[in-house]
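Subject: Structure handover

Hello,

Here is the structure for your files. My notes on it follow below.

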Amino acid sequence: MSVIAARPREAKLFAYLLFSGLILLIGRLIQLFASPGSSEDIARWAAEQTVSLLFFLPLLYYLLATLVTALARLFGGNGQWYEGRVALFWAALV
């Protein structure tokens, strides 16, 4: 059964986004701690990455889902905004 057919709730979709952001954050933190730098720079950069990936990235994905769904409908697609969000958020996680 596909993810779209399962019709996950909005909270689960948001969890997909946060988990994908968390995966990206872990990768960037590993990269950060592998590079040389002062502890102040590391703390500042880690805080910037945390805020950007766990707060702003989901907002960007919601905007992107809206734009992609509108573009698909412009070219003859028949999906709704919900299906566009499910597809984009699941793709981001995978």
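G79 counts as partly exposed because its relative accessibility is 28% (buried is under 20% relative accessible area, exposed over 50%, partly exposed in between, with a 1.4 Å probe and protein chains only). This is a predicted model, in which local features need pLDDT of at least 70 and side-chain atom pairs count only at pLDDT 80 or more, while totals for chains, interfaces and linings use all residues. Residues are numbered from 1 along each chain as its sequence is written, and side-chain values use heavy atoms, with hydrogens and water left out.

G79 sits in the loop between α3 and α4 (helices are DSSP runs of H or I, at least four residues, numbered from the N terminus). Leaving aside residues up to four places away in sequence, G79 touches T69 and R73 (contact means heavy atoms within 4.5 Å). From G79 to T69 there are 10 residues in sequence and 7.3 Å in space, C-alpha to C-alpha.

T69 belongs to helix α3 and, at 10% relative accessibility, counts as buried. With residues up to four places away in sequence again not counted, T69 touches G79, Q80, W81 and G84.

G84 is also one of the buried residues of α4, along with Y82, R85, V86, F89 and L93. The buried residues of this helix pack against α1 (3–6), α2 (10–34) and α3 (39–74). As for length, the 13 residues of α4 (residues 81–93) should span 18 Å at 1.5 Å a residue, and the end C-alpha atoms are 18 Å apart, which agrees. The expected span is 1.5 Å times one less than the number of residues.

Q49 is another residue of helix α3, and its 11% relative accessibility makes it buried. Beyond residues up to four places away in sequence, Q49 touches L25 and R28. The side chains of Q49 and R28 are joined by a polar contact of 2.7 Å (a pair of N or O atoms within 3.5 Å; within protein, one must be able to donate a hydrogen and the other to accept it, and residues adjacent in sequence count only if both atoms are side-chain atoms).

α2 gives the most to the patch, with 7 residues. I30, in helix α2, is exposed, with a relative accessible area of 56%.

Regards

How values were computed:
Helix = DSSP H or I, 4+ residues; strand = E, 2+ residues; numbered from the N terminus.
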